[in-house]
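Work through the exercises below with the sequence and the 3D view open. Each task is followed by its solution.

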Amino acid sequence: MIMDRENLIPIQDFCSIYKVPETFIASLYEYELIEITTTENTQCVSVTQIKNIEKLIRFHFEMDINLEGIHAISNLLDKVETLQDEIKKLHNKIDFYERE
Amino acid sequence: MPYIDYYKILGIPKNATEKDIKKAYRKLARKYHPDLNPNDKEAEKKFKEINEANEVLSHPENRKKYDEHGKDWKHAEEFEKAKQQQQQYQGNRQQQYSGNFNESDFSDFFESMFGGSSKQRSSNTMFRGQDFNAELQLNLKDVYTSHKRTLTVNNKNIRITIPAGIENGQVIKITGHGGKGINNGPNGDLYITFNIVNNTHFKRDKNNLYTTIDLDLYNALLGGEVTVDTFDGKVKLKVKPETQNGTQIKLKNKGFPVYKKDGQFGDLYITFNIKTPTNLTDKEKELFTELSKLR
């Protein structure tokens with residue numbers, strides 16, 4: 001059941017669809033890897049987080065990476081993405097000066 | 001279509017047990033999975049090979065067929081025919097990694113042996129479709145104005161609007177135009193990376209443009225008017241008397257459009273390169289000498 005008003009999915013439904021234990025989602029929240037919204041006394045995740053949660057599910061259930069590892073990896077991936085953006089900007093900057 | 005040694009890909013001997021295969025696969029997947037290697041095409045390629053090797057070796061029926069006939073892959077067609085006469089293969093899949101993969105991610109060798117990916121999750125888990133990544137090369141002039149363009153992604157035509165002012169390397173997301181969702185899951189997204197080629201004489205830094213124009217000595221000394229090329233046409237420009245070499249002037253709003261801000265433009269910066277006359281006549285030399293004596 002998707003709650004139309006705010007595009008939220010109750011965690012219970014999410015876990016049933018993805019066949020993951022609710023404790024896993026709770027742990028992701030504890031590690032600040034996802035956000036949980038409570039509405040009408042129901043804990044939900046936003047649909048915008050699905051892609052990220054699917055990735056975290058793959059890390060844990062398919063690659064056998066524990067939560068501490070996922071936490072470390074997520075932080076490093078954020079850094080990788082920031083650096084990749086920075087490289088892109090620097091490439092554009094280099095291109096600018098190489099046209100001198 | 002070369003023979004692919006799946007054992008070599010996973011780094012395991014031919015007599016490896018299922019446990020060995022799983023272990024080797026997981027080890028390599030942790031190294032090359034695209035989730036762990038964002039925007040790394042080499043890792044993605046490597047992972048596809050690993051995934052394919054696992055697809056074959058982790059399933060006893062596939063592995064048997066591969067072991068018996070893999071090297072003699074030309075006979076695969078015969079197997080394919082035989083297979084088609086049988087019921088459609090619906091075997092239980094071993095666990096495999098999901099993510100951004102579809103049938104086209106398997107090699108021709110694999111397709112010939114096993115007739116395409118039989119990759120299905122053993123459960124009815126609902127998953128988002130794979131995200132597609134595409135690159136689009138455009139000239140700087142193309143992105144000066146917003147325009148529509150039709151792209152063909154996986155044999156489907158998608159008409160998109162490319163907003164003016166898009167940057168080189170910028171990625172835009174077209175929601176829902178990726179792969180189909182699994183078990184009624186939502187579709188993936190399409191990510192387009194723009195590769196903007198600048199074949200103009202303007203240099204671009206975000207929304208500002210830069211160019212250098214030659215100015216003759218007399219215009220520089222006495223002032224005058226020059227015609228300057230801007231990105232959207234020519235403009236006449238007044239030159240102040242006694243303009244120095246390297247002087248930079250700014251033409252407001254004559255730069256590049258600001259991304260997704262209709263009607264807003266950056267500025268155009270023009271640097272003057274003063275050209276001194278050459279091949280002076282005797283008369284000119286005489287006059288310049290006279291001038292120099294006045295200073």
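**Exercise 1.** In which loop of chain B is B:Gly11 found?

Solution. B:Gly11 belongs to the loop between H1 and helix H2 (18-32) of chain B; helices are DSSP runs of H or I with at least four residues, strands are runs of E with at least two, and both are numbered from the N terminus. The model is predicted: local features need pLDDT of at least 70, side-chain atom pairs count only at pLDDT 80 or more, and totals for chains, interfaces and linings use all residues. Residues are numbered from 1 along each chain as its sequence is written, chains are lettered from A and ligands numbered from 1 in the order in which they are written, and side-chain values use heavy atoms, without hydrogens and water.

Next, take the accessibility of B:Gly11. Its relative accessibility is 61%, so B:Gly11 counts as exposed (buried is under 20% relative accessible area, exposed over 50%, partly exposed in between, with a 1.4 Å probe and protein chains only). Last, the C-alpha atom of B:Gly11 is 9.3 Å from that of B:Leu28, 17 residues apart along the chain.

**Exercise 2.** Describe the ring pair of B:Tyr6 and B:Tyr66.

Solution. Start with the total: the whole structure holds 13 aromatic pairs over all chains. Rings of Phe, Tyr and Trp (its six-membered ring) pair if their centres lie within 6.5 Å; planes under 30 degrees apart are stacked, over 60 edge-to-face, and the rest tilted. The centres of B:Tyr6 and B:Tyr66 are 4.8 Å apart and the planes stand at 45°, so this pair is tilted. The two residues are 60 residues apart, B:Tyr6 in helix H1 (residues 6-10) and B:Tyr66 in helix H4 (residues 60-69) of chain B, and the pair thus links distant parts of the chain. Then check burial: B:Tyr6 is buried at a relative accessible area of 0%, and B:Tyr66 is buried at 2%.

**Exercise 3.** Which residues have a lysine charge over their ring?

Solution. The test asks for NZ of Lys or CZ of Arg within 6 Å of the ring centre and within 35 degrees of the ring normal. In chain B, the charged end of B:Lys46 sits over the ring of B:Tyr32, 5.8 Å from its centre.

**Exercise 4.** How many helices and strands does chain B have?

Solution. Chain B has eight helices and 11 strands. Of its 295 residues, 42% are buried.
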